[in-house]
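Welcome, and thank you for taking a look at this model with us. Please keep the sequence and the 3D view open side by side while you read.

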Amino acid sequence: MSKLIVRAIDLSKVYRRGKVNVPALNNVNLQVSSGEIVGIMGPSGSGKTTLLNIIGGLDKPTLGKIFVDGVDITSLNEKDLADYRLKKVGFVFQFYNLIPILTALENVEIPLALMGAPKDERRERALNLLRMVGLENRADHKPDELSGGEQQRVAIARALANNPSIVLADEPTGDLDSKSAMAFMKIVRDLNRRNDQTFIIVTHDPLVVEQCTKIYTIRDGRIESA
Amino acid sequence: MFSWSLAVRNLKRRRLRTALTASGIVVGISMMFILLSLVSGMETQARSLARALGGADITVSNSTSFRDRMGGGGFFGALPSPSTLDASIAETISGIPGVYAVSPQFSLSGSINGRRVTVYGVEPASYEIVTGGLNIVEGRFLSENGDGEIVMGKALMDFLNLTLGQTVSLSAGQEEEGRIFTVVGVFETGMIFQEYAGYVTLADAQNITGEHGLLTQILVKCEDPSIVSDVASLISSTVPDVRVTTPTATIQQASQMLNTLTMFFATIGLVALFAGSFGVINTMIMSITERTREIGVLKAIGAKNHDIMKIFLVESLLIGLIGGGVGVAVGSILAYVFPMLTSGLFAAGASPFGMRNPFSSAVNPGLGGRAASTIMFATPAITPLNIAICFSLGALVGILAGLYPAWRASRMKPVEALRHV
């Protein structure tokens, strides 16, 4: 059995909307092993994104603990959380979220620059990553010169730049046609197989689901099935 | 890191907005630059002025300024000569307590080789005691019995193409033919228009006009600089019908005027800069709001607060630098054009052809009139220091104006920022 990379214990998250408490997560327990592709499904508003944000260190649970790579990330301060996001996690968003004024190559370079990597080194690594997602010939294009599928591939290259323990993706194929979605999932599959890369993917897309090694369904803030 | 190229590209992406925002700074910086250049220019001139006025503590002249107001060729032609005093008044003044020395002077509006100039008739010895003498750069000052000798300003020498030892024809009024004088010395004052003048002995000056025993000014040196104003009021109460002026007081007035001007420009410049900085704050907040999602993404992929802060601070710093740079350029052009405008306006007041300004002379005959003209004639000096100051000021405004927006950006919660559409 490969090692446990994410362990969430009794996670609860309550949002306050004015005077009303809105529960988003309710006693969620979750374990993800290294090298898995975990799919998280559920209707909208069920707490999928909240769970993903907590795992990714973007949000904090109201109650409960979560260990990633053995570190309790709920105990980290803001600065350490930023560091955690930089080194341990890669994010892929539904709407790609590339920086529009930077080229594909430069977008992939951002995490490396934030790490303080020298220019030559980060350029070479970013180019390798683009090659891996099949976009080396598009390196100098700006996001608005790329198709949705291409942008999402740049986004995954960016997510992988710092060699993270896990890649978190929030509906990564939600805005892609099925051909692009399949291409994207093929990359996920390849990375997973070749590098033993762990993915946690929030999705509705059956194309994604069929590639996952494990599926969780969340309803009303609770994990229903494993 | 990425901050610089990000900032440059973001500013380029919104060229018009960047230009408009920076122009707010440009206005303020160019104001400040003109101000600093003017002050630098005035400082230089004030130094030469102080030297030119160096000696005489008090100037005494007739209280009615001109003998024949509007006489001769009118305003800008042959100017009226100053009213005269009886030479005996000099004796009276030298007896007043606190007076160290007096030097009688007879100035006239004359012609040298046909060129209208101011001619001063002085007693060489007492003139040197009272005023400290001219700044002789060639030859010597008048000798004690130096009849037929003339000391002329460098600018006038150059204008008339004369060299030391040559002779000139000097007459009162406009006659071409006059008495022949030999140039024995050349003086400089640092101010061209003051150099369109000649100095002869008192006796020669009186002979030219035929007004023997008369003076136009009496220059007074006091025993101590601290008693100048007391001695001045003592003179005006003792001697009837005279105007007593103290060049030091004139310089003080001038420097007060200069200070007022400085404050005026400084205030306008600062207000403009202040307004400009609000433009920068506004633009930065706008662009941060537009890029909220981008900030969320950067934070999600690991940017720390100070990374975000830096990105936006660099951007506002760049706006400040653009504003500072263009402001200095615009300011330089204006500082160059400014003296042309003022010399046009005040041409009558500071004509380099030796005609004394009727207005300033009326107010303050004698040396005081020069001070007033000098202020009008201020030439801005563009110095590297001023350029550096204004450039840095632009940068400083950029950074200060960027602080709050950048701080706000850096404090955004990534989850909320990412939700922003």
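## Before we start

Helices and strands here are DSSP runs, numbered from the N terminus: a helix is H or I over at least four residues, and a strand is E over at least two. This is a predicted model, in which local features need pLDDT of at least 70, side-chain atom pairs count only at pLDDT 80 or more, and totals for chains, interfaces and linings use all residues. Residues are numbered from 1 along each chain as its sequence is written, chains are lettered from A and ligands numbered from 1 in the order in which they are written, and side-chain values use heavy atoms, leaving out hydrogens and water.

## The two chains

Chain A has seven helices and ten strands. Of its 226 residues, 56% count as buried, where buried means under 20% relative accessible area, exposed means over 50%, and partly exposed lies in between (1.4 Å probe, protein chains only). A contact means heavy atoms within 4.5 Å. Among the contacts in chain A between residues at least 6 apart in sequence, 71% join residues at least 24 apart.

Chain B has 14 helices and twelve strands. Here 53% of the 421 residues count as buried. Of the chain B contacts with a separation of 6 or more, 79% are between residues 24 or more positions apart.

## Where to read chain B with care

The predictor's confidence in each residue is its pLDDT, on a scale from 0 to 100. Chain B averages 81, and 81% of its residues score at least 70. Residues 68-79 of chain B have a pLDDT below 50, and this stretch has 18 contacts in the model beyond near neighbours in sequence. Residues 344-376 of chain B also stay under 50; the model gives them 70 contacts beyond four places in sequence. Where pLDDT is low, the predicted coordinates should not be read in detail.

Now turn to α5 and α6 of chain A.

Which residues meet? From α5(A) come A:Gly149, A:Gln152, A:Arg153 and A:Ile156, and from α6(A) come A:Ser180, A:Phe184, A:Ile187, A:Val188 and A:Leu191.

## The loops that follow

The loop between α5 (148-159) and β7 (166-170) of chain A holds A:Asn163. This residue has a positive phi of about 55 degrees although it is not a glycine, and at 58% relative accessibility A:Asn163 counts as exposed. A:Pro164 lies in that loop between α5 and β7 too, but A:Pro164 is buried, with a relative accessible area of 4%. Among the residues that A:Pro164 touches are A:Lys87, A:Val89, A:Ala159 and A:Gln197. A:Gly90 is 74 residues from A:Pro164 in sequence, yet the two are 5.9 Å apart in space, C-alpha to C-alpha.

A:Asp196 sits in the loop between α6 (178-195) and β8 (198-202) of chain A. A:Asp196 is not a glycine either, and has a positive phi of about 60 degrees. At 45% relative accessibility, A:Asp196 counts as partly exposed.
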